[in-house]
Amino acid sequence: MSPPRVVVVGDLIYDLLARTGGPVAFGTDTFAPIRAVAGGSGANAAAWLASLGVETHFVGRVGDDVLGEALASELEKAGVRPHLARDASLGTGKVFVLVDGAGERTMITDRGAGEALGPEDLPESLFHDGHLHLSGYILSGGSRREAALSALSLAREAGMSISVDPSSVPLLKEIWPERFLEWTRGVDLCLPNLEEGALLSGAEDLDLIAQELLRYYPGVVLKLGARGALYASADGERVRLPAAPVRVVDTTGAGDALCAGFLASWLSSAPPTEALQQGIEVAARVVEQV
């Protein structure tokens, strides 16, 4: 069975990735290769969904500039159908990603035009069937939050299934976990990482985190990094799988890839174990390379 079409609403950003072999020497030079690539949590998930054969539409906002054109082209090359508003006053968003010797990342972000995403940027014609995947980053505030809440409302009115990725611990702390839970209450699937799940639930034990989040969502996927992933549903089903045995080079985008892998399978009515396994396998493909 083919998965339904997916509409992703989120961030599309130009990433500059620098990978160092060791610690950064602050205050002087650190020499490292730098790569410029398309990025953004929502766009990453969209690209992986398309690579898995899912009809994927991406809604976002970029600057009316060369970088915006380049990112739109990258989405199309990845098989994603972009629906991008162009901002004449704000440039396309950029992120500097510093990856250390262990593959962990530090990100310095300028959201740029993505900060001004608004409800008017949502093509209502996209909200008629299928699935909505929402990047939690756009709940940060201002018109972005209005766009996120509008997308949730449009999807619910259209009878679409919905998933949300909380995306960021600093974001959740800034907007308050309780508000995030209330805004997204009732969506079909929440996909936090362990730190996000702990903050949202107020618990540390995996089963307690899942149990608390199931008060708000019918299904939860906890992304556990090197410890794999866990799926839990309101009907009592639990699945825990280990991470794939790979050499970690760069964890950037791994959580987005796991979301895409899981959704592509889950939306095709595959059992949770199969969906979780595909999510882990797709994430493993990400962490093995910069």
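Author: Two strands pair if DSSP finds at least two bridges between them, and helices (H or I, at least four residues) and strands (E, at least two) are DSSP runs numbered from the N terminus. This is a predicted model, in which local features need pLDDT of at least 70 and side-chain atom pairs count only at pLDDT 80 or more, while totals for chains, interfaces and linings use all residues. Residues are numbered from 1 along each chain as its sequence is written, and side-chain values use heavy atoms, with hydrogens and water left out.

Reader: How many bridges join strand S6 to S7?

Author: Strand S6 covers residues 94–99 and runs antiparallel to S7. Within this pairing, valine 97 has methionine 107 of S7 as its bridge partner. The number of bridges that join S6 to S7 is 6.

Reader: Which strands are the edge strands of the open sheet of 4 strands?

Author: The sheet has mixed pairing and the order S3-S2-S6-S7. Neighbouring strands in this sheet are turned by 20° against each other on average, with direction ignored. An edge strand here pairs on one side only, which holds for strand S3 (34–39) and S7.

Reader: At about what angle to S2 does helix H2 run?

Author: Helix H2, residues 66–77, lies across strand S2 (13–19), S3 and S6, where axes are lines fitted to C-alpha atoms, for helices over the stretch in contact (heavy atoms within 4.5 Å). Angles run from 0 to 180 degrees between N-to-C directions. On that scale H2 runs to S2 at about 85°.

Reader: How are H3 and H5 oriented to each other, and why?

Author: Helix H3 (residues 142–157) and helix H5 (residues 177–184) pack at an angle of about 30°, their axes being 11 Å apart. The contact is made by Arg145, Leu149, Leu152 and Arg156 of H3, together with Arg179, Trp183 and Thr184 of H5. Angles under 35 degrees count as roughly parallel, over 145 as roughly antiparallel, 65 to 115 as roughly perpendicular and the rest as oblique. The orientation of H3 and H5 is therefore roughly parallel.

Reader: Which parts does the salt bridge of arginine 61 with aspartate 121 tie together, and how far apart in sequence are they?

Author: A salt bridge is a side-chain nitrogen of Lys or Arg within 4 Å of a carboxyl oxygen of Asp or Glu, and in this pair the closest N and O atoms are 2.9 Å apart. Both arginine 61 and aspartate 121 are buried (buried means under 20% relative accessible area, exposed over 50%, partly exposed in between, with a 1.4 Å probe and protein chains only).

Reader: How many salt bridges does a search of the whole structure find?

Author: One of them joins glutamate 115 to arginine 111, with the closest N and O atoms 3.3 Å apart; glutamate 115 is partly exposed at 37%, and arginine 111 is partly exposed at 26%. Another joins arginine 185 to glutamate 182 at 3.0 Å between the closest N and O atoms, with arginine 185 partly exposed at 39% and glutamate 182 partly exposed at 47%. Salt bridges also link Arg5, Glu55, Arg81 and Asp129 in a network. The search of the whole structure finds a total of 11.

Reader: How many disulfides does the structure hold?

Author: A disulfide is a pair of cysteine sulfur atoms within 2.5 Å. The sulfur of cysteine 190 has its closest cysteine sulfur in cysteine 259, at 9.2 Å, which is too far for a bond. Cysteine 190 is buried, with a relative accessible area of 0%, and cysteine 259 is likewise buried at 0%. The number of disulfides in the structure is 0.

Reader: What is the phi of tryptophan 176?

Author: Tryptophan 176 lies in the loop between helix H4 (169–175) and H5, and this residue is exposed, with a relative accessible area of 54%. Its C-alpha atom is separated by 9.6 Å from that of leucine 199, 23 residues apart along the chain. Although tryptophan 176 is not a glycine, its phi is positive, at about 80°.

Reader: Near what value is the phi of serine 269?

Author: Serine 269 lies in the loop between helix H8 (254–266) and helix H9 (272–287), and serine 269 is exposed, with a relative accessible area of 54%. This residue, other than glycine, has a positive phi, near 70°.
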